[in-house]
Structure formats: structure tokens, C-alpha cells
Amino acid sequence: MSVHHFPPRGGWPERLTAALLRGSLQLLLKPVFSPRVPIPFQRLWLKGLSRTTLPLRGTRFEPDRPGGVPGEWVRPAEAPTREGSVLYLHGGAYCVGAPSTHRALTARLARATGMALFAADYRLAPEHPFPAAVEDALAAYRVLRERGPVVVAGDSAGGGLALAIALRDAGDPLPASLLLLSPWAQMTAERVPARPPRGEAMLSVAWAQACAALCLRDTPPAHPWASPLDADLRGLPPVLIQAGTDELLHDQALALHDALQSAGVNVHCEITPQRWHVFQLHGGALASADDAIDRLALFATSAHVPGQIEEREVVILGAGMSGLCTAVALRRARRDDFVVIEQSEGLGGTWWDNRYPGAHVDVPAPLYSFSFAANPRWTRRFAAAPEIQAYMQEVARRFGLGPHLRFGQRIERAVFDERDGRWTIHLADGRTLRARHFVCSTGPLSRPRLPDIAGIETFAGRILHSARWEASFDAARQRIAVIGTGSTASQLIPPLAERAARLTVFQRTANWVLPRLDRPYGALDRLLARLPPYAVAVRAFWFHALEWGRRGFDDGTLARRGMLKSAELLLTRQIPDDSLRARLRPPYPLGCKRIIYSNDFYRALARPNVALVTEAIERITPHGIVTTDGRDHPIDVLVCATGFDVEHSLAHLDIRGAAGQGLAEAWHDGPQAHLGLTVAGFPNLWLMLGPNTATGHTSTLLFIEPGVQWVMKAMREQRRRGARWIGVKPAVMAASNERLRQRLGGSVWAGCRSWYRAADGRIFALWPGFTRDYVRAVREQEFAQFDFG
Ligand code: NAP
């Protein structure tokens, strides 16, 4: 069943507005929609009331008569950007209503789809009984269809009409899709409850029946155009149905969905709880109405036909933290014409991939949440992976991102066309999208790396990479080898050690380990976290504490002395054995590789069922690992906590910028960008957490947010100038990379091998300064540093 529920978001302001609107409709409209009130008065009253809805500023309404049918073109201030049009058929029980009563909805739908919208003023009953309305809808549709693809949309009775015209048997080309809002698709009295549900703000059974009688006159109610729900629905185009739970036609919407599905139609049904009949008319006042209209537009503009190209303003690659942040920024700016393409089956990015036991964030959680979406639910300071995923789900829900997210889809190729300044994006399943802006938010740690050790392919047991964990794996009674002793290994070794029969840890380089200042967050913490000043203060405290920690990367600082001392204390306290302690002393300066924060890693290594092997691995055999001292270590399971291929994190994508240049060629000496966000020669391409934005001391979210804000600003500027594209000047990028090179040359990160460095030694991943330096550098960029085309 493709029926989805979309609970209204927006908290108490939304609830209050909804209560006020529902009350006003019940008081002012419902009593007038009655068989006892003359139809002319109902029409006048509805027109008067509709003036209180919120129009969309700058929208033009131009009268026209396509096919002799009067109506109005609805054109929002920003000119339509898509080919084709929307034919809108208003509701009103076939007897009342007009294009002017639906302007709050039609204007928003036109803006969201980017298509010209024609609202037909079809003939109404009782003056013009059935099928006058269908004939008008058909006549207007045919003229619009000659000019391009048409999406047919309608609410209530208009929803029934929309279906009826799609059901015509004249053999015309079908609409591209049908959008049915609270459709009245069956004029027989079936599937209408005897009493409206509580909360129905507009319709009554008596009024609907009276209007049906006026409209049908001699037509039987079961006529397929009058009750398309009972007709043969096979061969219809894709349909999106929307309804509320609190409406008379709710059951009919579900029945229509089932009937369409049984007829083999691509149909989706969206139910909004606690909303009434055609609540979308309150666009601008209710967030739930705006969200529903955005979903209609997304559906209408999606490519349903194989081979058809889907046009978008923005395509985001990756649904991790940075993709999520970009999507929220677009939603908040009401730039809703975007989709997020994610190859995994769910939200989370690195938090979807890294579900090994013990996975948690290694910075305090208050700083691992967006500044605009504080999370009062963290249960501990260093939150575990499932909590972070839950937080991401909550952010997606709160900002209504669901319909924009497309899981299980993989982008293979993206090609920039300089003439129209758009990216053509090819998906692995053969579909194609085109977008003005392409945001690559795959993050640096997305391509797991298996160790290049001889014989690994011959291993007969199970091989697990930490970023591709199998949830069903049970370490109990197993002989396990872990290769690697980085941040990931330090998190997964303690829980594995507790269950495994024997755990052998293969360490190539010992790392610096500092205590993790973790603690559970109790009920009081969570209560206080709901108070904005407290949440802001905690966040600010951790921000400054970690910024201070950045000083620990510079020689001779107090911070460094403190960190060295603390590392030594932890090692001596937790590892009493002298020889083991000696093997755990790092051979490189503190900070050169990512520092490990752990209270249980050393303890796990000191357990009797755990062995630390520091001899190099010579080869892997079908049943074990042979080290260079000739020892054979028999194992059942091989766990590779061997990190990621950061240098080639985008290598699996064929990205072609201006003049057809490939990103892989541009990066043959290692990845480089300007402030990690833009690459010269690749206009309208935005990288999130691109080269030189990783940090060794703080939360990546602090780097994501300013980056996203800048990208939003750049997109605005490109639109404001009427330019097709924006791209950083090559000289600007070269200069910023030269500054980085000089700064990083003598730094602590030059002193060892790590994922921050390319094969030739260049440090391409790390930002050398404080967070505030990066934020300032991003904010202070000037558009003079960019070319526009
Ligand atoms: P990593 O830091 O790259 O560590 C990989 C480990 O595997 C190192 O110990 C490395 O040894 C070892 N290794 C790689 N190839 C090997 C080989 N052929 N033979 C023997 N040993 C080999 O990867 P990671 O631990 O997955 O962490 C990557 C990054 O993810 C971290 O730096 C951190 O930024 C992030 N992370 C974050 C969190 C969090 O809580 N936020 C948690 C986990 C990871 P060498 O040191 O000798 O190269």
C-alpha cells in the first residue's frame, strides 16, 4: 500500500492556527453550505470568505479562454521555469466555487511546480447540469495539451472532474499526472459516512447530496464520469491523492487509492492527520498546507516516464549530515525544487554506514547537532550512533524533507552544460535529472577501504569492514582479528572483546588516546536542554572548550602540555604491563592523526582474551593471519577497521565540468577546492566537507553550517544576476590552496602518515586553523572572486 501519513509539523503555532481556521470554517462556512441556502448566496459568500485567505504576493492572474472555456492563468512573480502547464479544476460540489476562490492554493502550486497554471471556470450546476463541467474541462485540456505536457489537478468535485477527463475515451494523449485533493470521485451515496467525522470543517452529507442531485439531473450517479471510482481505471497516468483524516471524503480517498492500485495505476495517497477537506486552501497560513502543496509539486515534476528527464533547481547527492543541512536550508528559504539522491536505503550517511557495535560520536553531542535544531533528547554526552540517526530522522521530519529524499538511487555521472548552466545527472537505473546546482555532500568518509594485504581474497571466514557491518553478526565464541587501531577500532574493540572467544588486534601504528569526558544525561539535563538559553550556553561552552583544544596541536602551548600529560596518565593507569605499554606509545607527535577519546580501549587491550600484535602482517591465509615474525594467528572472522579512501572519495563518480574536464583529471595531484566548497572549472557544483575541511579537534557540523549558508547565498546571487552559472576564479582557488600549503607545511600533520594526506604527502583533507577562522573565511568571500556566466 502506498498510503503515507504526514503528521503536521510546526508545533503549537501550527496547532493554534489550525484550531482558529477550523473554528472559523465551522462557524462561517459550514452553515452556509446547506440545502436550505440558495446557491447564488452560497457562491457570493464563498467568494467573500476566500478573500481572507493569504494570497501570494506578486502573483499575476490573467483571464483567458482556451477552447472557449473561461478561466485565469496563474503566474507567480518568478516566471515559470518548466515546460508544460497545470490545468486546475476547483471544487465546490459542482455548484459553487471559482478560480478566484482557490487562489491561495493555485498560486502556490504554480510557484512550486514552476509551471504555468490555468484555473478553469467551468460551467456550474444547476444552470449547467452534468456533463457540462466535464466537457469544459476536456475542451480546456485539449488546447493546453497542444502546447505541451499537462498535469491535471483538482480538489473535491474538481478532483472527480480531473479523473473523469482522464477517463475519457476519445483517445487524446493522457495528462502527465493527476493531483487529486480530497477528491469527490463517487456521487452515489456509498462510501460516505452517514455523519461527517468530528472536525470536518466544511462538508455535510445533506449538502453533498443536494448538490449531486442539482448537478446530475438526468445522469445516473453511477455514470463513470460522475463516479469514476466505480469505473475502469486501467491505463491512467500516475496519481497522487491527498486527504485529511477529519473529512467526509477520507474513506473515499482510500477507496480510490485501492481501486487505482488494483487497476495497476502508479498511485500514491497522502493522508494528513487532523486536517479537513482541502486544507491546502490555507497555504501561507498552515505549514501542513504548504508542505502538502510542495509534495504535489514534487510529484507533478518527477519523471514518471522512462527516458523522461526530471528538471530540478538543485540535486543533492547524499543524505548524511551535510546533505540534510543543505536540504533544510533550501526548505527554510522556500526553494523547494530539490531532491536528495542517496544510494543507501535510509537517512544518515556515515551514520547509516557505520553501525558497528560501540559506534558513537567523539565530540560532545550538544555540538553534534545543528544550531537551528537543538536536540534535548541526547541520553549521554557522547551519543551513540542510533541516537544520532534518530536525531537526523527527527530533523528530516520537522523540516518536511521526506518527499525530497530518494533512497536506493545511485548517481553515476554528472555533466555540466555551459550553454544553459545546468548539470545533467545520470542515475545507475537509467534515469536522468537536470539541475541548475549540483551539491555533492558525500562527505570524505564514504568509501570504505579494505587493507591491501596479500592473500586477503583467499580468506575463508567472514570479512567485515566497520562501515559495512552486518547486524546479524554475533561475536560470541568466535576467534576475531581486528586490523587497525584508529578511532573506529578503538570504539568497536571493547564490545567485541566482551563477547569474542579470542580477539587479536593488529596494530601498525600506536595512537594517542585521551580520556573521554563522557557522562549520561539525566532527566534534569534533558529538561534544561529544552530551555533555549541553557542549550545555547552548553553549546557555546563546548565550542570554546574544543577551540581551546585546537591549541594542543601547536608546540609549547599549555593545551598541548595538558593533553600529553593526560594521555600518559591514562596509559599508565590502564595498562600496568610495561611491555604492552611500550607497544602502545605513539611514534609520532600528538595530533598528527586523529586523537582517540576512549575510556575503555586500553582496558579492552589488557583483557586476558585479547592480544595486541605489533609485528607487521605478511599475508592472510584462508584460516588466519601470518605476521613477519613467521607466526600464524588462526581466526574465524576478520574485522577491518582500516578506514576510508578519502583521497578518491569522489572517484566513483564521473563528474565533468566546463569544457568536459573530469574532476578526476582536475584532481590528479590530489583533491583541491576553494574553502572545500567550490572547484575552479566546475560551475554550480558545490562540495560539502570537500578538501581541507576536516578537523582534528571539533564537530564537523560547525564546518557544514557556514558552508551551506554560503552556498545558499551564492545561489541567490546567481539568480539575482540572472546568470546561468557561478564558479570560483582559478586564480582565487590557486591562491587559497597556496596559503593552505604554506600553513600546513611545518604543521603537526606533516609528521606522519594519515588519511589527511595524499600519497605524495600533500595534506588535502585538513583545515589547519580554528573553526572561527574557517567560518570567517567562508563568510568573507566576495562575489568578485567568482565568475558568472
Ligand atoms: P583510520 O583513522 O584511517 O584508521 C585506520 C586504521 O587501520 C589505522 O590504525 C591504520 O594504521 C590501519 N590500517 C590501514 N591499513 C592497514 C594495513 N594495510 N595494515 C595494517 N593496518 C592498517 O580509520 P578510522 O578509524 O575508521 O577513522 C577514520 C576517521 O573517521 C577518523 O579519523 C574520524 O575522523 C572518523 N571517525 C569518527 C568517529 C566519531 O565518533 N565521530 C568514529 C570513528 C571514526 P596506520 O595508522 O598505521 O595507517
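Biologist: Which glutamate does the side chain of arginine 741 meet in a salt bridge?

Modeller: This is a predicted model, in which local features need pLDDT of at least 70 and side-chain atom pairs count only at pLDDT 80 or more, while totals for chains, interfaces and linings use all residues. Residues are numbered from 1 along each chain as its sequence is written, and side-chain values use heavy atoms, with hydrogens and water left out. A salt bridge here is a side-chain nitrogen of Lys or Arg within 4 Å of a carboxyl oxygen of Asp or Glu. With 2.8 Å from N to O, the partner of arginine 741 is glutamate 738.

Biologist: In which helix do arginine 741 and glutamate 738 both lie?

Modeller: Helices (H or I, at least four residues) and strands (E, at least two) are DSSP runs, numbered from the N terminus. The two residues are 3 apart, about one turn of the helix, and the element that holds both, residues 730–745, is α20.

Biologist: Is glutamate 72, which meets arginine 103 in a salt bridge, buried or exposed?

Modeller: The side chains of arginine 103 and glutamate 72 approach to 2.7 Å, N to O. Arginine 103 lies in helix α3 (residues 103–113) and glutamate 72 in strand β3 (residues 71–75), so the pair ties together parts that are 31 residues apart in sequence. Buried means under 20% relative accessible area, exposed over 50% and partly exposed in between (1.4 Å probe, protein chains only). Arginine 103 is partly exposed at 30%, whereas glutamate 72, with 9% relative accessibility, counts as buried.

Biologist: How many salt bridges does the count come to by this rule?

Modeller: Side chains of opposite charge can pair when their charged atoms come close. By the rule already stated, the count of salt bridges comes to 50.

Biologist: How far apart in space are glycine 484 and alanine 641, C-alpha to C-alpha?

Modeller: Glycine 484 sits in the loop between β17 (479–483) and α12 (487–499), and its relative accessible area of 14% makes it buried. Leaving aside neighbours within four places in sequence, its contacts (heavy atoms within 4.5 Å) include Val505, Phe506 and Ala641. Although 157 residues separate glycine 484 and alanine 641 in sequence, their distance in space is 5.1 Å.

Biologist: What is the omega of the peptide bond from alanine 125 to proline 126?

Modeller: Proline 126 is placed in the loop between β5 (116–120) and α4 (132–147), and proline 131 also lies in the loop between β5 and α4. A cis peptide bond joins phenylalanine 130 and proline 131, with omega about 5°. The bond from alanine 125 to proline 126 is cis, with omega near 5°.

Biologist: What is the relative accessible area of serine 182?

Modeller: Serine 182 is not a glycine, yet it has a positive phi of about 40°, and its place is in the loop between β7 (177–181) and α6 (205–216). Alanine 659, with a positive phi of about 60°, counts as exposed at 79% relative accessibility. Serine 182, by contrast, is buried, and its relative accessible area is 0%.

Biologist: What percentage of the 789 residues of the protein count as buried?

Modeller: The protein contains 21 helices and 29 strands, and its C-alpha atoms fill a box of roughly 100 × 55 × 55 Å along the principal axes. Of its 789 residues, the share that count as buried is 59%.
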